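Please walk through this fold from its overall layout down to single residues, keeping the sequence and the coordinates side by side.

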Amino acid sequence: IEMEFPAQIRPGCNPVCDVDSPTGLVTTHSLIIEVIVAEEHAKNVSVRHAVPTGAARVLRTQFKVMVTERGGLGVSWDEEIPPMYEDVPFSPPGYKTTMTDYVGEELPVPPEEDLEHMEIRD
């Protein structure tokens, strides 16, 4: 017996793609097919008048289905995965600790009446 049927993921439902990351996150998809085969007794004259015998078998099988994004869209998974703990550098980065005086033109200072005054409230 051979069967063929179309299968798809509904567009717009945003499925999770198959993932197997080094951090232990694993997502997989399987297509499970169950077929019930029932035995019937029929005379050679007419197949339409078959009589069920009561014997039946359930056949079940699984197929691994790889779910991915369409090719050419978005950024590859390798570029989207967050950094591993050991890949993150020590923080914060070191800063220059010596200070030097400003060497250059003197900065203009506006007259005091042009400055906006602020009130301090308790």
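Of the contacts in the chain with a separation of 6 or more, 51% are between residues 24 or more positions apart, a contact being a pair with heavy atoms within 4.5 Å. The model is predicted, and local features need pLDDT of at least 70, side-chain atom pairs count only at pLDDT 80 or more, and totals for chains, interfaces and linings use all residues. Residues are numbered from 1 along each chain as its sequence is written, and side-chain values use heavy atoms, with hydrogens and water left out.

The secondary structure consists of 1 helix and 4 strands, where helices (H or I, at least four residues) and strands (E, at least two) are DSSP runs numbered from the N terminus. Along the sequence these elements follow the pattern β-β-β-β-α. Buried residues, meaning those under 20% relative accessible area, with exposed being over 50% and partly exposed in between (1.4 Å probe, protein chains only), make up 4% of the 122 residues in the chain. The accessible surface of the chain is about 13,100 Å², and 56% of this belongs to carbon and sulfur atoms; such areas come from the Shrake-Rupley method with a 1.4 Å probe, and for residues only the protein chains shown count as cover.

S21 sits in the loop between strand 1 (19-20) and strand 2 (26-27). This residue counts as buried because its relative accessibility is 9%. The side chain of S21 is joined to that of T23 by a polar contact of 2.8 Å, a term for a pair of N or O atoms within 3.5 Å in which, within protein, one must be able to donate a hydrogen and the other to accept it, while residues adjacent in sequence count only if both atoms are side-chain atoms.

What joins the side chains of R60 and E34? They meet in a salt bridge, with an N to O distance of 4.0 Å, under a rule that asks for a side-chain nitrogen of Lys or Arg within 4 Å of a carboxyl oxygen of Asp or Glu. R60 lies in strand 4 and E34 in strand 3, so the pair ties together parts that are 26 residues apart in sequence. R60 counts as exposed because its relative accessibility is 55%, and E34 counts as exposed because its value is 52%.

The last stop is V51, which belongs to strand 4 and is partly exposed because its relative accessible area is 48%. Leaving aside residues up to four places away in sequence, V51 touches E40 and H41. The C-alpha atoms of V51 and H41 are separated by 5.1 Å, although the two residues are 10 residues apart along the chain. G54, also placed in strand 4, is 13 residues from H41 in sequence and 10.0 Å from H41 in space, C-alpha to C-alpha. G54 is exposed, with a relative accessible area of 71%.
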